[in-house]
Amino acid sequence: MVVVLKLWLVVIIAIMIVYAIRHAIFTISRLAGRQRPYYQDIVDGRMPTLSVLIPMHNEQVVAASVLDAVLASDYPMERIEVIPIDDHSVDGTTAILKRYAAAHANVRPLYRQNGSRGKSNALNAGLAAAVNEVVIVFDADYLPARDLLRQLANAFIDPEVGAVMGRVVPFNCDRNFLTRVLSMERTGGYQVDQQARYNLDLLPQYGGTVGGFRREIAALLGGFDPNQLAEDTDLTYKLFTRGWRVAYANRAECYEQVPETWAARFRQLRRWARGHNLVFVRHALPLLRSDYLNATQKIEGMLLLLVYAIPLLLLSGFVACAALFLMGAMPIWGAAWIGIFVVTYNAFGNFAPVYEIGAAEVLDGMHQRMYLLPYLFFVYMYNTWTTATGLIDALGDVLRRRALTWEKTERTAVRP
Amino acid sequence: MIVLLVIEIGVVIFAAPVANGVARFVAAALNTSGVASAPQGDRYLIFSIAPVAAPMASNGYETLAIWLACGVVGIIVLALLRPALPLRYFLISNLTLLVASAAYLIIVGHPGYDQWQFSRLYLTTMLTVWLVVPVVVGLVCSLFPFTTVETAVMILIALAYDVLLGAARYATFLWVLAKTGPLLMSNLYLFFGPLLDFALIVGLFAAALVRLSKKLDKHSEDWVWL
């Protein structure tokens, strides 16, 4: 028993060292490496036509804001159709969409009152209705800047690009401790993680909002699977394993509202963990077998697929330490290493270590927020249980082949 | 890299004398508080160390049963009162470990470590953390445009802080065990042991990054925006 537990600790520490090296490479790439330019400096007379899809379920608080922001875009309006998708709303969303449809010829809402609810279903309905070359997706609580559509659309000049992703920036980060911490997560995830993966020709993720994809490809791939909660990661892996690329536009910033309560964050993170682990089940083998990816990209793809298993892995290391301690067989070096990893990997989201979050904050010129880094230690158990619950959900989904229901993240504010 | 190597060699040379100095200080502090104690010689890797031997209270079955019941009730109360989720999970994790320790002591009848073994485990862990700190802090600092002096200062502050924290915590742990017995041993070590060292070093790192970030703000021409 003692030997097994000690071996398990060795395995965990080895895996964590691999992740530490991965994130160190990302940090070095971002701080000292050659930065891969995006397509923003290319000026092309023929920009693609865009279909902007905005799935909405009971979004009366934010619906008008996102529509106003999209309609204020500097993209030629005759080349855009805006398709807000009212997905079984029972509040004032429908009335707001009707008002905008009456006032703007290129706003063509879809009203879904039949069939299953959920983002994938809503996007599939939007895809069927869309007619333009490129589909851009926003969640209803996002506020795109004026030039965002132009910046995102630029990437599709490159025929290898199947999807593009912009940068998400929270606008309510000054609300409380949680929103500040989530803001740090977003900064680390985009400013360092996504950009480094783009720099190194690895796998930048299409994130399901503030991004877009070629409509024809999405149609060829069969649209979005209603049985995937992480439809964005699912699309990312479908594209990469079939030879397409995802571009990342670090300057294409869009503003979102992050959860302001721990309970709302719990539900969001649990859903992400559940969805991400389901994507792992579906794409692990195709990723390894893909002829379009090199060995480095496959390794990175696997590490990315496994990120939501990391907290649980660390928890199992902690439990192994506790068991060994009770039995009087605690390995001292094991305790020191597990201590390091538990503390340094407490950031949210993709579980980036503190140096990666720190690098992102330095790049963004954020000062005071960095004092929060050590407090992340105290949310370790929270993150662990949340993602563990998501992992258990995913296992239940796979074993029982149950249908998934979509749970929307609670909105609490309208404007920054 | 050379600075890191020099500091690491310094730590290897001075770790054992400092650890033994800490042990002597802890023994003196415990004696002053009425807990009879004295360092006892031993070896760890290449180091001659002297962990503090002190008495430890014993936990009877009735006491353990009461603690076990209190732990379970505490978990239920926390689940019902629903304080902020991070606090709830942190407290529940602590109580779960307490319940597991009580159950283990009831079933097995004795703790995995006696007082001296625990004292030795703590002192050797502290020494190991001192050995690891320069490497970890040095490698992390190497990712950022810190100067050699800044990196060296950060490592030395982290070490100095760790020595002080280690001494205060060592005395507290042994005093708690002398008064309450082995039940709390695992909670002390696993939640307030090496984890706390690294959490506070992260705080130090964060403060250094804030300083660096402000310094870089003054040289905006160094930055190339994407």
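A residue counts as buried if 20 or more other C-beta atoms lie within 10 Å of its own C-beta atom. By that rule, buried residues make up 40% of the 226 residues in chain B. The structure is a predicted model.

**Chain B: overall layout**

- Chain B contains seven helices and four strands.
- Read from the N terminus, the order of its elements is α-β-β-β-β-α-α-α-α-α-α.
- Along the principal axes, the C-alpha atoms of chain B fill a box of roughly 70 × 50 × 30 Å.
- Of the contacts in chain B between residues at least 6 apart in sequence, 74% join residues at least 24 apart.

**Chain B: helix α1**

- Helix α1 of chain B covers residues 2-32, which is 31 residues.
- From first to last C-alpha, α1(B) reaches 43 Å, close to the 45 Å expected at 1.5 Å a residue.
- α1(B) has a bend of about 45° at B:Phe14, and the proline B:Pro17 follows within four residues.
- The buried residues of α1(B) are B:Ile7, B:Ala15, B:Ala19, B:Val22, B:Ala23, B:Val26, B:Ala27 and B:Leu30.
- The cover over these buried residues includes the strands β1 (38-39), β3 (47-49) and β4 (52-53), together with the helices α4 (115-142) and α5 (148-180), of chain B.
- After α1(B) comes B:Gly34, with a positive phi near 95°.

**Chain B: α3 against α6**

- Helix α3 (residues 85-108) and helix α6 (residues 185-192) of chain B have axes that come within 9 Å and cross at roughly 145°.
- The crossing of α3(B) and α6(B) is right-handed.
- On the α3(B) side, the contact is made by B:Asn94, B:Leu97, B:Leu98 and B:Ser101. On the α6(B) side, it is made by B:Ser186, B:Asn187, B:Leu190 and B:Phe191.
- By class, this contact has four nonpolar residues, four polar residues and no charged residues.

**Contact between chains A and B**

- Chain A brings 47 residues into contact with 45 residues of chain B.
- On the side of chain A that touches chain B, the elements giving two or more residues are α1 (2-32), β8 (245-256), α9 (262-289), α11 (310-326), α12 (332-344), α13 (354-364) and α14 (380-400).
- α12(A) gives the most to that side, with nine residues.
- The residues on that side of chain A divide into 35 nonpolar, 10 polar and two charged.

- Helix α8 (residues 231-241) of chain A is mostly covered, with 11 of its 11 residues buried.
- Charged side chains are found in this set: the buried residues of α8(A) include A:Glu231, A:Asp232, A:Asp234 and A:Lys238.
- The buried residues of α8(A) pack against α4 (119-129), β6 (161-170), β7 (211-214), β8, α9 and α10 (295-305) of chain A.
- A:Gly243 follows α8(A) and has a positive phi, near 95°.
- A:Gly275 is found in helix α9 of chain A. A:Gly275 is buried because 25 other C-beta atoms lie within 10 Å, against a cut-off of 20 or more.
- Apart from residues up to four places away in sequence, A:Gly275 touches A:Gln228, A:Leu229 and A:Ala230.
- A:Gly275 and A:Asp393 are 118 residues apart along the chain, and their C-alpha atoms are separated by 9.1 Å.

**Chain A: loop residues**

- A:Asn106 is found in the loop between α3 (93-103) and β3 (110-112) of chain A. With 15 other C-beta atoms within 10 Å, A:Asn106 is partly exposed.
- Leaving aside neighbours within four places in sequence, A:Asn106 is in contact with A:Met77, A:Ile80, A:Glu81 and A:Val82. The C-alpha atoms of A:Asn106 and A:Met77 are 7.7 Å apart, and the two residues are 29 residues apart in sequence.
- Most residues other than glycine have a negative phi. A:Asp201 has a positive phi, near 55°, and A:Val210 also has a positive phi, near 55°.
- A:Asp201 is in the loop between α6 (177-199) and β7 of chain A, and A:Val210 is in the loop between α6 and β7 of chain A.
- A:Asp201 counts as partly exposed because it has 13 C-beta neighbours inside 10 Å. A:Val210 counts as buried because it has 27 C-beta neighbours inside 10 Å.

Note on methods. Residues are numbered from 1 along each chain as its sequence is written. Chains are lettered from A and ligands numbered from 1 in the order in which they are written. This is a predicted model: local features need pLDDT of at least 70, side-chain atom pairs count only at pLDDT 80 or more; totals for chains, interfaces and linings use all residues. The expected span of a helix is 1.5 Å times one less than its number of residues. The bend at a residue is the angle between axes fitted to the seven residues ending there and the seven starting there. A residue is buried if 20 or more other C-beta atoms lie within 10 Å of its own, exposed if 12 or fewer, and partly exposed in between; C-beta atoms are placed from the backbone. Two residues are in contact if their C-beta atoms, placed from the backbone, lie within 7 Å. Axes are lines fitted to C-alpha atoms, for helices over the stretch in contact, and angles run from 0 to 180 degrees between N-to-C directions. A crossing is left-handed if the near helix is turned anticlockwise from the far one by less than a right angle, and right-handed if clockwise.
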